[in-house]
Amino acid sequence: MAGNKSYTIVEYFGGDDGYRCGYCKNEKGNFSHGMWSHTMTVQDYQDLIDRGWRRSGKYVYKPIMNKTCCPQYTIRCHALKFQPSKSHKKILKKISKFISKGELPKGQEDGEPMDSVCEETGPREPSKVCQAEAKCAAITDVQTEISERPAITEVQTEEADAAPTTSETPRKDAESLLDGRTTAAAPKPGMGVDPNRPPCRKAKDLRKERRLQKEQMRQHTDGVSSIVAPTPPTHTNQPKTLEDFIDESLPDNTSHCLEVRLVRSSPPSPQFKASFDASYQVYKLYQMAIHKDPPDKPSESQFRRFLCDSPLEAESSPDGPEMGYGSFHQQYLLDGRIVAVGVIDILPTCVSSVYLYYHPEFASLSLGSYSALREISFTRQLQKQSPKLSYYYLGFYIHSCPKMRYKGQYRPSDLLCPETYMWVPIERCLPQLENSRYARFSQDPDAGDARLLKDVGRALVLYRRTVMPYAAYTRKRKGSSDETEVQQYAGLVGQDCAERILLYRA
């Protein structure tokens, strides 16, 4: 990002031991590779999640897909092309009815928790020595020992039939479709009652504009507006957008007021600190009621480790979103009170959903699904500022766990092939997953990993506060016995990331 010279620093833990699976409850069936990330750039994390990695706090893990009991496939939604389904529209109407009339629907949550990370991935404790070195600014770079590295390509190989978001024509199309600023044409004679005056406008459209003006005037400590601004009416016969449906779910003159507030969680902003306790209390109630945790399990320290601590650097870029990249909490406030929180990461090409928790009192409102719709809309809003930021990652799609299949309902969406790391439309993947828990989605038998490890000697390591290629490290440490481990790590992160990320060596 824009002149950023920060390093990602990790400790690799391997993945030999099985842990309890949070989905099928198998006590030893969950297998994953893991590493502790002391600090991480947003570009490195973007590249890692595009290879099947995922973070839980500062612990980053990659399921061993052909070994774990419940294979977890990375899923992304094309936010710009998304159209809400009938069930999504019902959820928005449910929210509208509650806000306007104050009536909570009967029954419980419809089984869509939006839990995008699994706590039970077996994270280990990082090395205290490495923590000290990661915080030390005096890291020496001896990369001059390695030959000039080729430029790292940002192009992700895709099998999905998706229009590139970086080309001029699709960018203009997206901007014209999503940009709410419509130029008012001069009224034409012969139209309307008075040919010298513009046609009459619907009261609903006028209310939308008034609400938009109010929202633009409202500012918060973090400098981020509290409500995702609805798109003003475009006066065309095009089908309603997601933003239209969301706006209709927030009518004027209501019993309740629902706001969405974005606060940076790492490093914590003043507003995040001020609302921390209220947010934690909602999390504790959620874990106890929805996940049946005993009262002592969702402690404040566990909440910080799991959902507040993040390795991601707070970064900004001239062509990036105004709030910058990194880790945030989207707080849903009902009449000024936090009732739900969506934990998200804003990355170079996506908004990545981390977790969603809500007050059990509002379980019947389907807040998991509602928050996903709001986050898709938020992604579309950010894309106007940063054209390549056009995807919404929902975490993992787990076909073998019926309760987690709902993530496939946000179309169009792709699953990540676990062998080639190409994106494949979910419609092509589902028949394979009906036959087998583990599947290679890429149809081309000759297709492979475009970032396959070719030279482990070029992988970077951090040794005694000095950055060096692994080849130089092995010369310094004659008789070093860690080549198998380093080879495994570098193969999992890929050649490009191995040449950028610093692997800590004791």
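Two strands are taken to pair if DSSP finds at least two bridges between them. Helices (H or I, at least four residues) and strands (E, at least two) are DSSP runs, numbered from the N terminus. By these criteria, strand β12 (residues 413–416) is joined to β13 by 3 bridges, and the two run antiparallel. Within this pair, leucine 415 stands opposite valine 424 of β13.

The model is predicted: local features need pLDDT of at least 70 and side-chain atom pairs count only at pLDDT 80 or more, whereas totals for chains, interfaces and linings use all residues. Residues are numbered from 1 along each chain as its sequence is written, and side-chain values use heavy atoms, with hydrogens and water left out.

The protein chain holds 13 helices and 16 strands. Of its 506 residues, 55% count as buried, where buried means under 20% relative accessible area, exposed over 50%, and partly exposed in between (1.4 Å probe, protein chains only). The accessible surface of the protein chain comes to about 23000 Å², and 51% of that belongs to carbon and sulfur atoms. Among contacts (heavy atoms within 4.5 Å) with a separation of 6 or more, 73% are between residues 24 or more positions apart.

β12 and β13 belong to an open sheet of 8 strands with mixed pairing, in the order β7-β8-β9-β10-β11-β5-β12-β13. Its edge strands are β7 (258–266) and β13 (423–425), each of which pairs on one side only. Neighbouring strands of this sheet are turned by 35° against each other on average, direction ignored. Helix α10 lies across β5 (73–78), β7, β8 (326–334), β9 (337–346), β10 (350–358) and β11 (391–397), and runs at about 155° to β10. Axes are lines fitted to C-alpha atoms, for helices over the stretch in contact, and angles run from 0 to 180 degrees between N-to-C directions.

Glycine 342 is located in strand β9. With a relative accessible area of 0%, glycine 342 is buried. Not counting residues up to four places away in sequence, glycine 342 touches Phe328, His329, Gln330, Tyr332, Tyr355, Leu356 and Glu375. The C-alpha atoms of glycine 342 and glutamine 330 are 4.9 Å apart, while the two residues are 12 apart in sequence.

Lysine 273, in helix α7 (residues 270–274), counts as exposed at 56% relative accessibility. The C-alpha atom of lysine 273 is separated by 9.5 Å from that of valine 263, with the two residues 10 apart along the chain.

Two packed helices are described by the angle between their axes and the distance between the axes. Helix α2 (residues 86–101) packs with helix α10 (residues 367–385) at an angle of about 105°, and the axes are 10 Å apart. α2 is therefore roughly perpendicular to α10; angles of 65 to 115 degrees count as roughly perpendicular, under 35 as roughly parallel, over 145 as roughly antiparallel and the rest as oblique. His88, Ile91, Leu92 and Ile95 of α2 make the contact with Leu367, Ser369, Tyr370 and Leu373 of α10. By class, this contact has 6 nonpolar, 2 polar and no charged residues. Ala, Val, Leu, Ile, Met, Phe, Trp, Tyr, Cys and Pro count as nonpolar, Asp, Glu, Lys and Arg as charged, and the others, Gly among them, as polar.

Another open sheet, also of mixed pairing, has 8 strands in the order β3-β4-β2-β1-β16-β14-β15-β6. At its edges stand β3 (54–56) and β6 (140–141), each with a single partner strand, so one side of each has no neighbour in the sheet. Strand β2 (residues 32–39) and strand β4 (residues 59–63) run antiparallel and are joined by 5 bridges, with glycine 34 opposite tyrosine 61 in β4.

β1 pairs with β2 in the antiparallel sense over 5 bridges, and glycine 14 stands opposite glycine 34 in β2. β1 and β16 are parallel and joined by 2 bridges; the bridge partner of isoleucine 9 in β16 is leucine 502. In β1, 6 of its 6 residues are buried. Ile9, Glu11 and Phe13 lie on one side and Val10, Tyr12 and Gly14 on the other, and both faces are covered. Helix α13 (residues 483–498) lies across β1 (9–14), β2, β4, β14 (460–463) and β16 (502–505), running at about 140° to β1.

Definitions and conventions
Accessible areas come from the Shrake-Rupley method with a 1.4 Å probe; for residues, only the protein chains shown count as cover.
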